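Hi there,

Here is the structure I promised to pass on.

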Amino acid sequence: IECVSLSPMMEAVPAPPESERVCVFGTGDMGRSLGLRLLQAGYGVVFGSRRPHSSSSLIPHGAQVLGHAAASQSAHLIFIAVQREHYDFLVPLANQLKGKVLVDLSNNLRKNQYPEANAEYLQSLVPGAEVVKGFNTLSAWSLQNGPSDANRQVYICGESVEAKQAVIAVAIKLGFSALDQGFLSVARELEDFPLQLFPQWRLPLRIAIGLSAAFFFYLLIRDIIYAYVTQSKDISFRIMVSLANKVCPIVSLIMLSLCYLPGVLASFLQLYRGTKYRRFPDWLDRWMLCRKQLGLLALGFAFLHVLYTLIIPIRYYVRFKALVLIINTPLSLSLSQIRENRTTQFDTTTAWRGDSYLSLGILGFGLYVLLGITSLPSVINTLSWREFSFIQSKLGHLTLLLCTAHTYLYGWNRFLSSSTYKWYTPPGYMLCLVLPSVVLLLKLLLITPCVDRTITRIRQGWERGADQRNPKDSQPLIP
Amino acid sequence: IECVSLSPMMEAVPAPPESERVCVFGTGDMGRSLGLRLLQAGYGVVFGSRRPHSSSSLIPHGAQVLGHAAASQSAHLIFIAVQREHYDFLVPLANQLKGKVLVDLSNNLRKNQYPEANAEYLQSLVPGAEVVKGFNTLSAWSLQNGPSDANRQVYICGESVEAKQAVIAVAIKLGFSALDQGFLSVARELEDFPLQLFPQWRLPLRIAIGLSAAFFFYLLIRDIIYAYVTQSKDISFRIMVSLANKVCPIVSLIMLSLCYLPGVLASFLQLYRGTKYRRFPDWLDRWMLCRKQLGLLALGFAFLHVLYTLIIPIRYYVRFKALVLIINTPLSLSLSQIRENRTTQFDTTTAWRGDSYLSLGILGFGLYVLLGITSLPSVINTLSWREFSFIQSKLGHLTLLLCTAHTYLYGWNRFLSSSTYKWYTPPGYMLCLVLPSVVLLLKLLLITPCVDRTITRIRQGWERGADQRNPKDSQPLIP
Amino acid sequence: IECVSLSPMMEAVPAPPESERVCVFGTGDMGRSLGLRLLQAGYGVVFGSRRPHSSSSLIPHGAQVLGHAAASQSAHLIFIAVQREHYDFLVPLANQLKGKVLVDLSNNLRKNQYPEANAEYLQSLVPGAEVVKGFNTLSAWSLQNGPSDANRQVYICGESVEAKQAVIAVAIKLGFSALDQGFLSVARELEDFPLQLFPQWRLPLRIAIGLSAAFFFYLLIRDIIYAYVTQSKDISFRIMVSLANKVCPIVSLIMLSLCYLPGVLASFLQLYRGTKYRRFPDWLDRWMLCRKQLGLLALGFAFLHVLYTLIIPIRYYVRFKALVLIINTPLSLSLSQIRENRTTQFDTTTAWRGDSYLSLGILGFGLYVLLGITSLPSVINTLSWREFSFIQSKLGHLTLLLCTAHTYLYGWNRFLSSSTYKWYTPPGYMLCLVLPSVVLLLKLLLITPCVDRTITRIRQGWERGADQRNPKDSQPLIP
């Protein structure tokens, strides 16, 4: 078959096959995986190795292995899948590499391991080549299994536009989407990327740990130490379940309100400023960016709270109390007679309150889980923007409302009883109600018709006091 | 470096970089995000703005800002990221825009906001340009974060094939996959798309709400009003937990059977017609398309049922009943002596029935959750068609079987006791058993060897009474 | 508009539109779906059909239908969406098909249905054409709904590099990423692919079923048959909940340790060999590849264990025992007086132990669920390699530690009591502690500073006894 006969199709798939060749230096995990993927995408692959003969058994079927110098002659694009420590072998090849595109795939073991980025170091060793940093955020595993099982985005940077175009073209054929991040000075950032450990989770995690610790000690003093001091009773065993089951819901509710507070604050800021075209202060921006993490951590604590609550009836302490009651009853018949008048009178209000309290908790948790599921990346993908904001804003505030009402019903009439305030401190659930109540009140203000109308107009681009005859040429597509 | 030296690579990445330029009108959220993405994909980007000087601080680094007229000269493809209200500024530019490709990104705030689609309006303003509607289903956020975090599909429409090809090429380089939906008359549909709010969820949600309401009132009358009328007892507090815990499993089981009923009906229809080449009636088609949503709602109700069941022992009402029993026992020793003969006789059958009932419920719920997890888009992707249909059909019917058996065991011997039928009405669990029993019976019929053989042949393309010497040239790849 | 005016853009999108034509033989589900997708991607589509007139109503709007011969003339690339049984209609067309690229989409109903692969059979019928096998792993449904809802990877194979390049180009424009798997002899493998049923789940599932069955019978003998033989008590009803709730946690813990054991063994093997460059034995490789499945099955059993535990208080048996206690107490006042000294003495140690046992279980299950969520494909995508290994290794071993401690606390002081060993056999929880204890001990050894240092060096490419002046040119990017 002549290539010519394929012409209408083949213009997109460039040129005769023999020139569709790329070179890979290095036959480690990364080099081999990349080579295999390149072969599968239809490229011819030539490996460059110090010991071509001993390496030939390792490389994927269909590829060639040559010495470095010979290999570099066979292709214009060379992937450098070698550790930075061994880059000096490239120095004697500087002449052959002149004008070639070198793609630096390397990563480091920790941040700031070397004074300059690996890619910049490579460029300094082979000044005549066009160095492009890229593909380093992929693992050998994700290269083998393809972009459907791993992030599709590949980040590149480099000085030469043509070199980057060539790398982008390869990335697209491998099924990735390449994003040009700028000049080679960005390389350090790209090299730090795979070394990051949950950067967006740090602040929310610190908040969660801080809140947990604070409320743990607060409740430890109020419940356990108080009982020890005033009644000399050792109820330290309560730390494991009772206390945990107080800390979890408290932290969960506070973090859920922290998740919705910045949105409310942002709305008020826009109202106050009368425009949406001014940037939010930095702290608010950073806060808004970690709302998802705050919410997911809140869900985690709520999940633990549910489990801690459900195991209550099988606790030794609870079963023991029931047993004591059973055994003691006959001994204290007269006492029970008295008690009877009080306790055996079924109190419908208490039943309503107790069941409502449980029911609101269950519904709140159900919505919580729904919010969590719609935070999964693959579920978000199937939602339109309007659907996503409906769930995360409308259902989110409803969840907060249900959980807050659940907590109010838990407190019930104990808010006014002075015996609640041991050592003049309020119980934990009272403290944790402050923030959600504030958020809900502010949100209520925002959805009153007159405020809502102003906010909507501002989000559509209207500006208070602006010259309306000279509209902004910007497009707030997302209201 | 000469571009020529890159030639084998660069044919795929077209032409010299200076001509790889696109223009974006509008420097709002959408315009800036699109511009940034275009820059990262290797395009040169020129923004068009009314006030180029004041806008230049806003636009992403690496892009240019010019006046609209000058900007439009610099590129063949122009993205219009401006709100429809401001489109009139394009009228004086009509001459410069002649022959250019204008991509209309705009969306509206609600359906039918304007008499014609924005893209058609744009075309009428600039008749000499080639208007393509597209990219409007993306949010600024998903443009910035790339297709891995948002839907990869971009829908376009327009009159000119060449213009659409140009837009498709850009979409592919940005990492999206563009689908041509036809002529510009489709634009209205594309503009309505981001305004949709869960269109496939509406029918299932309505069914769920309708069933919940119907069974809520039915059980309200049977349980609470009945007790009030016949015994003057106020047990209204039971609404919150007991009633909810009856409505949830009932609705869940009915919706689960509604999820499997259409598949069974379709099989019988194919059997009756003797061919798979005739379309199903519209109602059946629509029903089959919302099976996933029916199943997920059923799972939601099952989840609530589990939670409502697990909190039973910590309810005030339940603990109160136990307390009364304890306190009353010594007072009614003689009574208890009599009762003893009845109750203290451990009934192994009841124990078997009770434990089986719970165990089937747990296993059914476990499978339910498994079905839910395999409905996640990212999990579906990893399954082959055969695996998907194994889980959703085989395991799905097994789930239905377990949950139905769970409900039968719940009823147990109460089906025959006349005291069950208060006011001559059957209890809720009996009503909800009808549909799943029918579905399971029909399914049982379908998997008997002789019926199964016929169904399989029909699905492989066989037709009853068809001329077998003249086979259909169609391919039922998916059995 | 002249195509020339579009040139900078259009070079990537090849050639004049009239030549961008592909042909599809067959108007079944698959043919029509593929045709629609091709049209949407901007291709002209010509269907080939035996009865072009009767087929024209079926095909998507915008496509043409011709007879096979005429259709084959109109395009260079022909998709064969016809069942293998009907391939003979191609024989008379052999001349027209000479030099064309034929893409065989067909699948079979079961493995080894035919002596040779469908694609090889097609090639033998039309020897002059270039047959490419591909796209067969997609369903008609996933073609219609696009790659965001289904696997993006398309596998192809064939003899001609140019033909495969042409098919790859089409796949990319449709939004898929095509992987060339080699020559046509691979076709059989590709055809078997959609017939697979959870190949990686088989071994883990067999282990789970084997372990469940073994422990079920072991505990059946120890608990139920022992009670029957020694005390003539029929407690067979316990099979449904009590026994299930023993089998589930036992199997879960063993499978969780089986999930972490191979990693530990691999580390010791690397330590022993002093290098990471030798392949692991096959059994270890296969074991390591099914760790995810082992872990997810373990999570499933843990989930059932949690549910079985939480329903304990609502079991008939448990409520019956409480009732008997209440009723019997007054009758045995004197007995209770004696008992009182023993039982009504609240034992803080027991409370601590019981609550810690529950709390560790809850935290362990929470982490378990977290591990499960981070196994979802879409969540993995958002993690860097370091984050993934942090969660799966650090948090994974922590989960194992918590669950093992939970089980030790369950056993508590019963390990030493001889009454525990009925018929001289240890109880189930004791047996299941062996493996996790071993794994945790080995892991503890591995993280002692001196061993950890050696392991880290080996994973960075260091080799014991190797000539360090001649470093391997490989790059262990992933430690």
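This is a predicted model: local features need pLDDT of at least 70, side-chain atom pairs count only at pLDDT 80 or more; totals for chains, interfaces and linings use all residues.

Let me begin with a cysteine: B:Cys23 is buried, with a relative accessible area of 0%. C:Cys403 also counts as buried, at 11% relative accessibility.

Now to the charged pairs. There are 27 salt bridges over all chains. One of them joins the side chains of A:Arg315 and C:Asp355, at 2.6 Å from N to O. This pair crosses between chains: A:Arg315 sits in the loop between helices H13 and H14 of chain A, and C:Asp355 in helix H15 of chain C. Both A:Arg315 and C:Asp355 are buried.

Within chain B, B:Lys133 forms a salt bridge with B:Asp104, their closest N and O atoms being 2.8 Å apart. Here strand S6 contributes B:Lys133 and strand S5 contributes B:Asp104, 29 residues apart. Both of these residues are buried.

In chain C, C:Lys173 and C:Glu20 form a salt bridge, with 3.2 Å between the closest N and O atoms. C:Lys173 lies in helix H7 and C:Glu20 in the loop between helix H1 and strand S1, so the pair ties together parts 153 residues apart in sequence. C:Lys173 and C:Glu20 are both buried.

Finally, a helix in chain A. H2 (residues 29-40) spans 17 Å from its first C-alpha to its last, close to the 16 Å expected. Nine of its twelve residues are buried, so H2(A) is largely enclosed by the rest of the structure; among them are A:Met30, A:Leu34 and A:Arg37. After H2(A) comes A:Gly42, with a positive phi near 100°.

Best wishes

Conventions:
Residues are numbered from 1 along each chain as its sequence is written. Chains are lettered from A and ligands numbered from 1 in the order in which they are written. Side-chain values use heavy atoms; hydrogens and water are left out. Helices (H or I, at least four residues) and strands (E, at least two) are DSSP runs, numbered from the N terminus. The expected span of a helix is 1.5 Å times one less than its number of residues. Buried means under 20% relative accessible area, exposed over 50%, partly exposed in between (1.4 Å probe, protein chains only). A salt bridge is a side-chain nitrogen of Lys or Arg within 4 Å of a carboxyl oxygen of Asp or Glu.
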